[in-house]
Amino acid sequence: MENRSLVTISGHTKDKIMYLIQMAREFELHTNRKLLDGKVIATLFFEPSTRTRLSFETAANRLGARVIGFADPKITSGTKGETLKDTIMMVSNYADIIVMRHYLEGAALYASEVSPVPIVNAGDGANQHPSQTMLDLYTIYQTQGTLENLNIYLVGDLKYGRTVHSLLTAMRHFNPTFHFIAPDELAMPDYYKMYCQQHGIRYFEHKDFDAETIKDADILYMTRVQRERFTDLMEYERVKDLYLLKKDMLSLARDNMKILHPLPRVNEIEYTIDDTPYAYYFQQARNGLYARQALLCDALGITLEEVRNDQTIQR
Ligand code: CP
């Protein structure tokens with residue numbers, strides 16, 4: 001049987017990405033539908049989350065499915081020593097699909113190999129966050145009218161930030177130019193720089209973060225320094241506030257430029273920027289609902305045509 005799990009987005013073709021964007025657009029037009037009536041979605045969050053869990057659960061609810069799961073692994077039998085494999089086997093007895101966030105890189109891949117039902121990776125350690133990438137791609141397309149030939153500036157924690165790793169691999173189809181802005185301690189890992197070289201993706205690295213450096217950006221993608229991934233908290237303290245986007249740094253920005261951030265924001269974007277036309281991170285988070293509706297439907301075998309012909313729309 002075809003494995004419909006979503007572990008990474010790097011295997012998605014350009015056509016598949018555009019297909020999912022079109023499906024997400026259908027859900028933005030009409031959010032409340034009963035396409036997943038009778039289905040049960042499990043959300044297993046071994047790490048904290050606000051947006052990913054709540055938007056997946058909202059997506060399920062608005063599609064007529066029911067939701068089971070946990071937001072805190074401390075209340076599960078994992079605390080008694082139950083393994084991830086046994087947990088997945090148990091939950092697959094109850095649910096049609098499992099959305100899982102885990103602190104271990106590779107946990108989603110492992111779960112997808114043992115699970116009889118599709119696994120959707122809601123973030124595995126510092127590795128990948130494919131559903132975030134779908135909403136990022138949707139947002140970039142929405143704001144720029146295209147995914148092609150864009151200047152994308154990734155700022156902050158490029159070492160541990162799984163959202164930038166996923167985005168980078170997904171953009172390989174669209175001839176981007178990346179600019180990596182990070183201190184040495186948080187630089188883009190060599191693995192992803194080699195990935196760029198292998199796929200003909202242009203990239204430039206910067207330490208400066210000022211109006212001049214970002215003036216050609218179409219997308220300015222800010223990230224939080226991932227405190228939870230540091231083994232040395234002194235190092236975290238040293239780098240945590242290095243890149244703060246201030247309003248006066250937008251003086252040379254292109255008119256079409258949009259600031260994205262996967263959120264939560266800690267100290268990366270001044271609050272005064274929220275009211276500028278460049279700020280788009282809250283709309284971006286809203287798009288998570290539509291993108292995740294599309295991903296749930298796709299993983300459960302519902303096609304774009306079925307979504308378009310859907311008679312269950314509730315206005
Ligand atoms: N963007 C994101 O993954 O946010 P949460 O950690 O709140 O889910």
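A polar contact here is a pair of N or O atoms within 3.5 Å; within protein, one must be able to donate a hydrogen and the other to accept it, and residues adjacent in sequence count only if both atoms are side-chain atoms. The model is predicted: local features need pLDDT of at least 70, side-chain atom pairs count only at pLDDT 80 or more, and totals for chains, interfaces and linings use all residues. Residues are numbered from 1 along each chain as its sequence is written, and side-chain values use heavy atoms, with hydrogens and water left out.

Let us start at the ligand. Around it (a heavy atom within 4 Å) you will find Ser-49, Thr-50, Arg-51, Thr-52, Arg-101, His-129, Gln-132, Pro-262 and Leu-263. Domain 1 (14–128 + 288–308) and domain 2 (130–284) each give at least three residues to this shell, with bounds from an automatic or database domain assignment.

Now look at the oxygen atoms of the ligand. A polar side-chain atom of Arg-51 lies 2.9 Å from a ligand oxygen, and a polar side-chain atom of Arg-101 is also 2.9 Å from an oxygen atom of the ligand. Thr-50 takes part through its backbone, where a polar atom is 2.8 Å from a ligand oxygen. On its own the ligand has 250 Å² of accessible area, and the protein covers 90% of that (Shrake-Rupley method with a 1.4 Å probe; for residues, only the protein chains shown count as cover).

By class, the shell around the ligand holds two nonpolar, five polar and two charged residues. Ala, Val, Leu, Ile, Met, Phe, Trp, Tyr, Cys and Pro count as nonpolar, Asp, Glu, Lys and Arg as charged, and the others, Gly among them, as polar.
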